[in-house]
Amino acid sequence: MDDTEAGRRPDAGAAGKVMQKEKQKSNYLAQGWLVLLLAGGFAAALAAVQVSLSGRIEQNKENETLGRIGELVPGAIAGRKTDINGMTAYEALDAGGKRVGWVIKGSGQGYSDVIELLIGVDAEVQKITGLYVLEHKETPGLGSKIRDDADWARQFAGKPVAEPLGVVKDGGQIASIASATISSRSVCQIVNNAIKQFKNAMAGRDTEAERVGDVVPGAAGGRKLSVAGMTVYEALDESGAIIGWAVVAAGDGYAGEDSIVLLIGLDAAAEKIAGLTVLSHGETPRLGDRICEQAWLRQFKGKDANRPLKPTKSVPRAGSNEIEVISGATVSSRSVCRIVNEATARLKGGFGKTTGTAP
Amino acid sequence: MAKDEPTPLERFIRGILPENPVYRQLLGMCPTLAVTASMKAAMTMSGAVLFVLFCANVLTSLIRHLLKPHLRILVFTLTIAAFVTIADRFLAAYMYEMSKQLGPYVPLIIVNCIIICRCEVCASKQPVLTAATDALGQSVGFALGLASIASVREILGSGEWFGLAVMGDWWIDWGIMILPPGAFITLGLLLGTANWIGSGRAKRGARES
């Protein structure tokens, strides 16, 4: 008997192990099915609630916006929703129906969640006339003062829109709330962005063409073309001669598909990178968004456009095509390099095919 | 065993005074302090808690035989979070001003200990009827707790009750009562009073027996 058992044991042991594994596998489902089922059921229920109530909630917000117009723009008693080149804004009307200002919506990342603002500006879009926090989820008692402390929001009224706003700590004009510098900064940033966007929308201008001069030194304007499916600008100097190229290139960033949009400047022969700027992005505030810093973008200037750029974590060697990545934002930095590489390669391919525009 | 278990009706009564969540269990102190500056806010909060607690308790009781001991808290939290989100969206749609006033405190019901405590202590072990009456009792108890504090604070702090002026023109508002310190002072005094009355009763009870 001892013999038979000893002879069987290894076999039985292996079979037992397999069985145990099988059992464990089925155990996960056997134990977790209720949680999964409930999660699925609740998700469906919440989706239904969202679908049925979101219209009403949006309506509430809009009513509140219209109700606030009188506070945001002095002299206004009514508001009218309008669409300006794709941007929603509210005309602030006085008793006679004359437009006395605008109310713009702005939103952006705060300390804990998205902050939504209403910004009042005068009719000429020269001065901010009021600020109201429509929605926020900042820390109660600290960041929540962006709404609760009426005196704080009042600081914004009367500020000219020509210069971007910032907190005093950063050399700006707005006193930040004690212990809520990040919330205060975010509000300034959201106001700046919203006003910039609004001004551009008002002018209906081609914002990309305007920035050609930023990436091709000496360029006074751009003429829009399409090369290899990309928007490309001929960079023209004062006399109208072509002195370079500016390519609008979108690519995947840390935030998702095509979340980074760059404007890449090239010299007239499209041999060297003349400059680089970030048109838009969705990278993490205070980390990935450092790809917008001029000091970092300056590295790209003069790099060879015929060879791919190489992101590196060490100091780039002189004369190489290496780009030093931003620590804490490696993914974002690499994305920028990759987008530039893809765009230059594509542009070269496009120039190769279409004789005539080839430099 | 069956004799020791309170009947559904007893559970309802227990929640109101003998086991009042605010004064006896000292649970849910965050909303108790934060939203009791006015009766309207306090009652909206109580209503939201009633809805969430009732639904969570009933659902937990229905699935109590399926619960795995180590996954139960996960199930409770999931259930509570779902109902809180529904309540939150509902307030935003139909009581917009109030929802803004309550701010983050509605989503914070998710971590309100009263609800998870009732799921754990009662609903996960009791049939649906018991769980439902328990939820009602505890919610009414919570509402009474909030109402007592909110009444004191609103009357002293704004001279109003439910937004209606109850004090004459001679009344000068006690600003501190609608601020956070007012919440702590009121809660402390009312809690002390409740304990004092309770201990008097206990002494009498001890003497009689």
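Is E91(A) buried or exposed? With a relative accessible area of 9%, E91(A) is buried, where buried means under 20% relative accessible area, exposed over 50% and partly exposed in between (1.4 Å probe, protein chains only).

This is a predicted model, in which local features need pLDDT of at least 70, side-chain atom pairs count only at pLDDT 80 or more, and totals for chains, interfaces and linings use all residues. Residues are numbered from 1 along each chain as its sequence is written, chains are lettered from A and ligands numbered from 1 in the order in which they are written, and side-chain values use heavy atoms, with hydrogens and water left out.

A salt bridge is a side-chain nitrogen of Lys or Arg within 4 Å of a carboxyl oxygen of Asp or Glu. The count over all chains is 20 salt bridges. Among them are the following pairs.

| Salt bridge | N to O distance |
|---|---|
| R80(A) and E91(A) | 3.2 Å |
| K137(A) and E135(A) | 3.5 Å |
| D134(B) and R11(B) | 3.9 Å |

R80(A) and E91(A) form a salt bridge. This pair links strand β1 (residues 78-84) of chain A, which holds R80(A), to strand β2 (residues 87-93) of chain A, which holds E91(A), across 11 residues. Helices (H or I, at least four residues) and strands (E, at least two) are DSSP runs, numbered from the N terminus. R80(A) is partly exposed, at 43%.

In chain B, D134(B) pairs with R11(B). D134(B) lies in helix α7 (residues 128-158) of chain B and R11(B) in helix α1 (residues 8-16) of chain B, so the bridge ties together parts 123 residues apart in sequence. D134(B) is buried, at 1% relative accessibility, and R11(B) is buried, at 11%.

Salt bridges with shared partners join K61(A), E116(A), E135(A) and K137(A) into one network. K137(A) is partly exposed, at 46%, and E135(A) is partly exposed, at 22%.
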